[in-house]
Amino acid sequence: MAGKPKLYYSNGRGKMESIRWLLAAAGVEFEEQFIETKEDLEKLRNDGVLLFQQVPMVEMDGMKMVQTRAILSYLAAKYNLYGKDLKERAWIDMYVEGTTDLMDMIMHLPFYSAEMKEKNLALIIERARNRYFPVYEKALKDHGHDYLVGNKLSWADIHVLEAILMVEECKPDILSAFPLLQAFKGRISNIPTIKKFLQPGSQRKPPPDEKFIAKVKKIFNI
Amino acid sequence: MSGKPRLTYCNGRGRMEPVRWLLAAAGVEFEEKFLETREQLLKLIKDGDLLFEQVPLVEIDGMKMVQTRAILSYIAGKYNLYGKDLKERALIDMYVEGITDLMQMILMFPFSPPEAKEKNLASIAEKATKRYFPVFEKVLKQHGQDFLVGNRFSWADVQLLEAILAVEEKIPAVLSGFPQLQVFKTKMSNMPTIKKFLQPGSPRKPPPDEHYVASVMAIFK
């Protein structure tokens, strides 16, 4: 047993990317096994290693963990990125659920028809600008700290940075009305583990291209 | 301030029902404020009460909590329904997330167009009997204990019972291939706090009907 967590997923962002971010931010090295074909997925299912027949799956600490949120919560707690008590955890959970809703919209975008894509892209930008980013901007303004919760780096900061960068890929100037989030982005990006993850050659995956989308559709029967 | 948690949502199950279940199972009394019109929702948004402009909203311990999972995790943590350590919590989270995926199908069902309903119902039946229920049947069989995780009552047990009953409302014989789940259902239903919640007059909401669907569509557009 290597001791390093092992991630099972396709070779792209999808639902696994937030897990890669969190592990990287925590300074935890991990291995990856990529699902390239439908047969790869079938084999995992037949081997009985996927609790609900689905990926992401992460092998770590003697467990074969599935369900993205369960995996992320476990990692956050294990690596002390989940606040100091129940109330801080509640805030982190609330913030993270918000960014998850936003990032899910972006994740689904490439699977829509051209017409729906345009409509949903506009909705993503509207939501980022009017619903989600104002919340984080206000949180930073209200307490004046460097981090979103408890004056300490947490899962919420990592998730919000991931969301900011994803939305910027859709609309580069999305942060123009959010000065505190701009500063936040700079600060969190410069944390050594995160800086390393943002450099070429890391395990961070690129935005999905048509080739990847076609492969995913084939593997998962979408 | 009464000290009791206050739930703000429509007068129906939707995304708030698991919260009602968990509070009830923990023996916690709560108040409810029902949204009847779109204007009431817009007022809540305008007043800044909804972090992401959405309900469910649960006012608890000085916080205005939103996001169902965040609310449920907090309640589970506070009332010792979240296992004894990180690994038990991981198992509970995995189980709850799986069940939530199944419940999501049931949640969306009333809002699907009439021509899709038959297909969606078949999908719920298939997922329940092939993907989700077999997992919990096996878990219970393997450890032989009454509860899913750690030989102790947890959020996972509450969520699974809720799901079993919700699926049974659509597919009455759904547990016929699952003897362990049948026993589990009886045992959990007989736990005093849950038994009380299952009786008429409790805060438990009935299955969605056309009237509920129409009011939800009007409020949330």
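This is a predicted model: local features need pLDDT of at least 70, side-chain atom pairs count only at pLDDT 80 or more; totals for chains, interfaces and linings use all residues.
- The buried residues of helix 1 of chain B are Glu17(B), Pro18(B), Val19(B), Arg20(B), Trp21(B), Leu22(B), Leu23(B), Ala24(B) and Ala25(B).
- The cover over these buried residues includes strand 1 (6–10), strand 2 and strand 3 (57–60) of chain B, together with helix 3 (68–78), helix 6 (155–170) and helix 8 (192–197) of chain B.
- Just after helix 1 of chain B, Gly27(B) adopts a positive phi of about 75 degrees.

**Arg20(B), a buried arginine in helix 1**

- Arg20(B) belongs to helix 1 (residues 17–25) of chain B, and with a relative accessibility of 0%, under the 20% cut-off, Arg20(B) counts as buried.
- Apart from neighbours within four places in sequence, Arg20(B) is in contact with Leu7(B), Tyr9(B), Cys10(B), Gly12(B), Arg13(B), Phe30(B), Glu32(B), Phe34(B), Phe197(B), Pro203(B) and Lys205(B).

**Phe34(B), a contact of Arg20(B)**

- Phe34(B) is located in strand 2 (residues 31–35) of chain B, and its relative accessible area of 26% makes Phe34(B) partly exposed.
- When neighbours within four places in sequence are set aside, Phe34(B) is in contact with Tyr9(B), Cys10(B), Asn11(B), Arg20(B), Gln40(B) and Lys205(B).
- Phe34(B) and Ile164(B), which are 130 residues apart in sequence, are 26 Å apart in space, C-alpha to C-alpha.

**Arg131(A) and its contacts with chain B**

- Arg131(A) lies in helix 5 (residues 114–143) of chain A, where its relative accessible area of 13% places Arg131(A) among buried residues.
- The side chain of Arg131(A) makes a polar contact of 2.8 Å with the side chain of Glu53(B).
- Not counting residues up to four places away in sequence, Arg131(A) touches Glu126(A) as well as Leu51(B), Phe52(B), Glu53(B) and Gln54(B).

**Aromatic pairs and charges over rings**

- Over all chains the count comes to 14 aromatic pairs; in one of them, the rings of Phe52(A) and Tyr132(B) have centres 5.3 Å apart and planes at 45 degrees, so the pair is tilted.
- Phe52(A) is in the loop between helix 2 (38–46) and strand 3 (57–60) of chain A, whereas Tyr132(B) is in helix 5 (residues 114–143) of chain B, so the pair joins two chains.
- Both partners are buried, Phe52(A) with a relative accessible area of 1% and Tyr132(B) with one of 3%.
- A cluster linked by ring pairs contains Trp91(A), Tyr95(A), Tyr132(A), Tyr136(A) and Phe52(B).
- Within chain B, the charged end of Arg89(B) sits over the ring of Tyr82(B), 5.4 Å from its centre, and the charged end of Lys117(B) sits over the ring of Phe109(B), 5.9 Å from its centre.

**Chain A as a whole**

- Chain A has nine helices and four strands, and from the N terminus on its elements run β-α-β-α-β-β-α-α-α-α-α-α-α.
- The radius of gyration of chain A is 18 Å, close to the 17 Å that the globule rule gives for 222 residues, so chain A is as compact as a globular protein of that length.
- The C-alpha trace of chain A spans about 50 × 45 × 30 Å along its principal axes, and buried residues make up 50% of its 222 residues.
- Of the contacts in chain A with a separation of 6 or more, 67% are between residues 24 or more positions apart.

**Domains annotated in UniProt**

- An unreviewed UniProt entry lists "domain: GST N-terminal" at residues 3–83 of chain A, a stretch that is 36% helix and 20% strand, with its end C-alpha atoms 26 Å apart.
- For chain B, an unreviewed UniProt entry places "domain: GST C-terminal" at residues 85–209, a span that is 69% helix and 0% strand, with its end C-alpha atoms 41 Å apart.

Methods: Residues are numbered from 1 along each chain as its sequence is written. Chains are lettered from A and ligands numbered from 1 in the order in which they are written. Side-chain values use heavy atoms; hydrogens and water are left out. UniProt positions are given in the numbering used here, feature names are shortened, and annotations may be inferred rather than shown by experiment. Buried means under 20% relative accessible area, exposed over 50%, partly exposed in between (1.4 Å probe, protein chains only). A polar contact is a pair of N or O atoms within 3.5 Å; within protein, one must be able to donate a hydrogen and the other to accept it, and residues adjacent in sequence count only if both atoms are side-chain atoms. Contact means heavy atoms within 4.5 Å. Rings of Phe, Tyr and Trp (its six-membered ring) pair if their centres lie within 6.5 Å; planes under 30 degrees apart count as stacked, over 60 as edge-to-face and the rest as tilted. A charge sits over a ring if NZ of Lys or CZ of Arg is within 6 Å of the ring centre and within 35 degrees of the ring normal. The radius of gyration is taken over C-alpha atoms; the globule rule is 2.2 Å times the number of residues to the power 0.38.
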